[in-house]
Amino acid sequence: MDLEHMDGLVVEGCTRCPALCESRSRIVNGAGAEDAALVFVGEGPGAQEDEQGEPFVGRSGSVLDAALDERGLSRDEVRITNCVRCRPPDNRDPHTDELANCRDYLERELDLVDPDLVVTLGKVPSQHLLGRDVAVTKEAGSVHEVRIGETTRRVLVSLHPAATLYDRSQQETFEAALDEAAALVGAGESDQSRLGDY
Ligand code: URA
């Protein structure tokens, strides 16, 4: 891995993706605990994230914050990051080469944080980390053992929080996936996490 632009968990001055270098105002690095048991991986920064330099601070961030809060978690206790760290133009999905360019930053972040569980928020991160097509609505809440970099990790598929904004019926599916994630890491409970069951 050529990580010359990454210092610890922070990427600075990366110019791997010409289109994203043009569209971004800044690189949006992951935020939250550096030793989080739970890491959420989104697709990439939107306009608000690009403006504020933090992942999930827009409308979908409010949905995620509320979901964390309901489960006794705060954004400081978990880690929130994205597949790509620069806002794609017109909020398009990141292209395959852009996902690949940013992949080693995400892998390094996961290596350093070393969470018990990774939660993929939506189709793009789910497909990126599982390495196959994913029907997120059907597969939400499912847990997979996935090789990410040098490590096999547990990955739980979730809908993107924004899905609940456009389609209220998706809210239940999103909430159920988050319930499962919280239960697996023992969030809000005094006893051990259930990850040993898997
Ligand atoms: N959507 C994402 O996937 N990531 C963000 O940081 C914000 C919105």
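The model is predicted, with local features needing pLDDT of at least 70 and side-chain atom pairs counting only at pLDDT 80 or more, while totals for chains, interfaces and linings use all residues. Residues are numbered from 1 along each chain as its sequence is written, and side-chain values use heavy atoms, with hydrogens and water left out.

**The ligand**

| Residue and atom | Ligand atom | Distance |
|---|---|---|
| Gly44, backbone N or O | nitrogen | 3.0 Å |
| Phe56, backbone N or O | oxygen | 3.0 Å |
| Asn82, side-chain N or O | nitrogen | 2.8 Å |

Taken alone the ligand exposes 240 Å², of which the protein buries 91%, the areas coming from the Shrake-Rupley method with a 1.4 Å probe.

**The largest pocket**

The ligand takes up the space of the largest pocket, a molecule being placed there if more than half of its atoms lie within 2 Å of the grid points. On a 1 Å grid over the protein atoms alone, a pocket is an open set of points with protein on both sides within 12 Å along at least five of seven lines, a cavity is a set where a 1.4 Å probe fits but cannot get out, and lining residues have an atom within 4 Å of a point.

The largest pocket holds about 540 Å³ of space, and of the 24 residues that line it, Gly44, Gly46, Ser60, Asn91 and His160 are the closest to its centre. Its lining has nine nonpolar, nine polar and six charged residues. Helices are DSSP runs of H or I with at least four residues, numbered from the N terminus, and H2 (47-52) is one of those supplying at least two lining residues; H2 gives the largest share, three residues.

**The largest cavity**

There is one cavity of 30 Å³ or more, and about 110 Å³ of space lies in the largest cavity, a volume being the space filled by probe spheres set on the points. Of its 15 lining residues, Cys14, Cys17, Arg24, Cys86 and Cys102 are the closest to its centre. H4 gives the most to this lining, with three residues.

Technical notes
Polar contact = N/O pair within 3.5 Å; in protein donor to acceptor, adjacent residues only side chain to side chain. Nonpolar A, V, L, I, M, F, W, Y, C, P; charged D, E, K, R; others polar.
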